[in-house]
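Please look at the sequence and the 3D model shown here, and follow the text through them step by step.

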Amino acid sequence: MRADTPPTPDAASRDLYVAFEITPVMESDCPLNEFDGEADVIEINQQLQHGQCRTETMIQPNGSPDSSDCGKANVVHSASDVGEDCYCAVFGDFGCIPKIAGVNGDTIHIETFLSDRERLTDLVEALKAVTEELRLQQLKPIDSTNNSDASSQTVTLVLDEVTEKQREAVTKAVAAGYYSTPREASLEELADDLGISKSAYSQRLNAVESTLATRAFANTTTDM
């Protein structure tokens with residue numbers, strides 16, 4: 001099956017950190033669908049092997065204070081066949097290793113690195129096809145050509161307070177290198193690709209940048 005196909009080596013000089021919130025298809029055999037809020041998921045280890053998705057999940061039951069299970073963490077082993085609606089297999093198709101950062105109800109928080117940022121838009125579209133809901137939460141372009149000063153070379157875009165159209169616009173902009181130095185794409189090219197005017201595209205990017213700037217200022221004043 002496709003999950004067993006090794007990813008093609010990629011020697012791109014940049015990595016792109018991406019964080020998603022994913023709601024799996026409810027009818028799927030995803031092992032994580034077993035946790036419906038009756039327990040807190042503490043840690044998840046996951047592996048795709050021989051057409052199966054295997055997980056080890058450390059959980060803590062949400063028992064009452066008087067319950068004998070309260071406070072006792074245990075590890076649950078699960079295995080299921082990898083199907084066409086398995087989002088983990090999609091990450092593998094793009095040469096990504098997904099890390100499950102947490103589970104909150106029906107929502108799974110996944111982090112990964114995409115070595116070729118130009119494939120970001122395709123990855124998002126592929127994930128949309130196999131999930132009930134997909135939310136791009138965070139992007140962080142990392143310039144690996146300057147590892148000695150990596151912290152100053154990163155720009156984080158947190159996208160949980162913008163509209164879907166604004167999120168789509170900034171995703172395409174990041175993927176095309178609009179925010180790179182030197183700039184690798186123009187507003188005209190991005191707008192044509194999305195089928196809207198340059199002015200409309202600029203307004204969407206400005207709205208995202210304004211939201212991010214407002215949040216950054218608010219966080220700064222809070223820390224003062």
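Start in helix α3, where Q166 is found. The model is a predicted one, and the positions discussed here are read from it. Is Q166 buried or exposed? Its relative accessible area is 17%, and a residue counts as buried when that value is under 20%, so Q166 is buried. A polar atom in the side chain of Q166 lies 3.1 Å from the backbone nitrogen of T163. If neighbours within four places in sequence are set aside, Q166 is in contact with R204, A207 and V208.

Two packed helices are described by the angle between their axes and the distance between the axes. Take α3, residues 164-176, together with helix α4, residues 187-194. Their axes come within 11 Å and cross at roughly 125°. An angle of that kind is neither roughly parallel nor roughly antiparallel nor roughly perpendicular, and the two helices are therefore oblique to each other. The crossing in which α3 passes α4 is right-handed. Which residues meet there? On the α3 side they are E168, K172, A173 and A176, and on the α4 side L190, D193 and L194.

Helix α3 packs with helix α2 (residues 120-128) as well. Here the axes are 8 Å apart and the angle is about 140°. Angles count as roughly antiparallel over 145 degrees, so α2 is oblique to α3. From α2, the contact is made by L120, T121, V124 and K128; from α3, by E164, T171, K172 and A175.

Now step back to the whole chain. How many helices and strands does the protein chain have? There are five helices and eight strands. Read from the N terminus, the elements follow the order β-β-β-β-α-β-β-α-β-β-α-α-α. The protein chain has 224 residues, and 35% of them count as buried. Its accessible surface comes to about 12,600 Å², with 47% of that belonging to carbon and sulfur atoms. For contacts between residues at least 6 apart in sequence, 59% join residues at least 24 apart.

Strand β1 covers residues 14-24 and includes E21. E21 has 16% relative accessibility, so this residue counts as buried. Its side chain makes a polar contact with the side chain of Q137, at 3.0 Å. Apart from neighbours within four places in sequence, E21 is in contact with T107, I108, H109, E133, L134, R135 and Q137.

P24 also lies in strand β1. Its relative accessibility is 3%, so P24 counts as buried. Although P24 and T107 are 83 residues apart along the chain, their C-alpha atoms are separated by 7.6 Å. T107 is also one of the residues in contact with E21.

Where does V25 lie? V25 is in the loop between β1 and β2, the latter being residues 39-49. With a relative accessible area of 17%, V25 is buried. V25 and V130 are 105 residues apart in sequence, yet the distance from C-alpha to C-alpha is 6.9 Å.

Methods: Residues are numbered from 1 along each chain as its sequence is written. This is a predicted model: local features need pLDDT of at least 70, side-chain atom pairs count only at pLDDT 80 or more; totals for chains, interfaces and linings use all residues. Side-chain values use heavy atoms; hydrogens and water are left out. Helices (H or I, at least four residues) and strands (E, at least two) are DSSP runs, numbered from the N terminus. Buried means under 20% relative accessible area, exposed over 50%, partly exposed in between (1.4 Å probe, protein chains only). A polar contact is a pair of N or O atoms within 3.5 Å; within protein, one must be able to donate a hydrogen and the other to accept it, and residues adjacent in sequence count only if both atoms are side-chain atoms. Contact means heavy atoms within 4.5 Å. Accessible areas come from the Shrake-Rupley method with a 1.4 Å probe; for residues, only the protein chains shown count as cover. Axes are lines fitted to C-alpha atoms, for helices over the stretch in contact, and angles run from 0 to 180 degrees between N-to-C directions. Angles under 35 degrees count as roughly parallel, over 145 as roughly antiparallel, 65 to 115 as roughly perpendicular and the rest as oblique. A crossing is left-handed if the near helix is turned anticlockwise from the far one by less than a right angle, and right-handed if clockwise.
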